[in-house]
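Please look over the following model with its strand pairing in mind. The briefing below is grouped by topic.

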Amino acid sequence: MKRTTHQSRSPLAQSRRKSNHTQRGTLGVLSVVGCLGIAACTAAGHASAEGDIKVPFSPPVSWKASATIGEFEIDGGTANASKCLKVTWIDATGAEISSDTMETDGSGTASGQVPAGSVRWEGKLVDCPKPDPEPEDDNRMFNPFSGQLNFTAGLSNSREFLIYGAPITPSDDADANNLTYSFVVTASSYAEAEALIAPIIAGGVGTPVPSTVEVMSFTTMESNLAGGRVTTSMPGKFENYRFNFNSGAFSADLVSGFNTINYQIGTWDVVEMVIPLSAFDYGFLPGVTYSNEGSSKYTTDRLEGPVGAGYSFNYSN
């Protein structure tokens with residue numbers, strides 16, 4: 001596994017975080033279009049999360065992270081073997097802590113450590129650029145995002161980047177929206193791909209989307225007195241949307257209107273629902289593991305096929 005690390009600060013992941021003592025301990029959160037809910041852990045407990053995203057004409061990508069142990073793993077399957085993966089770690093203020101660029105192994109898996117202080121992460125998966133022969137004049141440019149010498153600077157070399165981001169573990173702070181997202185971006189570099197999606201992440205639902213960016217998921221979850229308010233938003237129009245939480249403890253269906261509200265913001269379509277606290281598995285007994293999981297599947301008039309995703313979260317006190 002090849003890796004480079006650099007320290008930087010980025011506007012890509014701004015978070016709005018305040019204390020919320022009323023709702024602490026009964027959090028619902030949606031990630032990568034799936035959903036879950038629960039409480040903060042004590043020092044003696046543990047927290048871990050995992051999720052997956054399935055987009056049209058691409059192998060599914062799954063991930064898991066342990067907030068307690070400080071380890072993460074991303075698995076793209078054998079179709080994503082020997083590809084480059086850049087993972088960016090973000091703290092509670094929205095500042096970038098560091099980023100790791102690595103190459104997946106023969107099974108399409110990469111793993112590493114979660115830096116201390118990280119609350120969010122963003123991953124970018126792409127074919128590794130092939131090194132060109134060294135020019136005789138040695139006129140080379142260093143590409144800090146790939147960790148390799150770049151001999152094709154300025155040439156047309158667009159590739160598709162699958163970019164996804166989520167909280168490492170859910171936050172129940174007031175005004176925390178637990179934004180999760182995934183995009184397929186056509187660009188010539190990591191930097192260009194980041195610049196294309198930055199206005200969407202900062203502006204949120206209703207932001208104009210460039211033709212080179214395809215939104216695969218864009219979901220928020222906010223904790224309130226009723227439970228977890230979840231919104232999934234996409235450019236265009238939803239054709240269908242189904243959601244299942246904790247094996248049927250809560251479900252929603254857009255076509256029938258069951259447990260959903262549907263409205264538009266600009267050129268985006270929004271599906272909103274509230275998962276009641278009674279659907280969550282949570283508690284305070286020490287040593288007991290509480291688990292929540294959810295999944296969703298939908299199509300829109302702009303997507304080339306259905307998108308499916310899931311998320312689960314385990315914790316103990």
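In what order do the eight strands of the open sheet run? The order is β9-β6-β5-β4-β22-β21-β17-β18, and the pairing is antiparallel. This is a predicted model, in which local features need pLDDT of at least 70, side-chain atom pairs count only at pLDDT 80 or more, and totals for chains, interfaces and linings use all residues. Residues are numbered from 1 along each chain as its sequence is written, and side-chain values use heavy atoms, with hydrogens and water left out.

**The open sheet**

- The edges of this eight-stranded sheet are formed by β9 (109-113) and β18 (250-253), each of which pairs on one side only; strands are DSSP runs (E, at least two residues), numbered from the N terminus, and two of them pair if DSSP finds at least two bridges between them.
- On average, neighbouring strands of this sheet are turned by 10° against each other, direction ignored, where the axes are lines fitted to C-alpha atoms and angles run from 0 to 180 degrees between N-to-C directions.
- Strand β6 (residues 71-75) pairs with β9 in the antiparallel sense over five bridges, and D75 stands opposite T109 in β9.

**Strand β14 and its partners**

- Seven of the eight residues of strand β14 (residues 180-187) are buried, that is, under 20% relative accessible area with a 1.4 Å probe, protein chains only.
- Antiparallel pairing links β14 to strand β13 (residues 159-167) over seven bridges, and A187 in β14 is the bridge partner of R159.
- β14 also pairs in the antiparallel sense with strand β15 (residues 213-224), over six bridges, and here V184 stands opposite E214 in β15.

Definitions and conventions
Buried means under 20% relative accessible area, exposed over 50%, partly exposed in between (1.4 Å probe, protein chains only). Helices (H or I, at least four residues) and strands (E, at least two) are DSSP runs, numbered from the N terminus.
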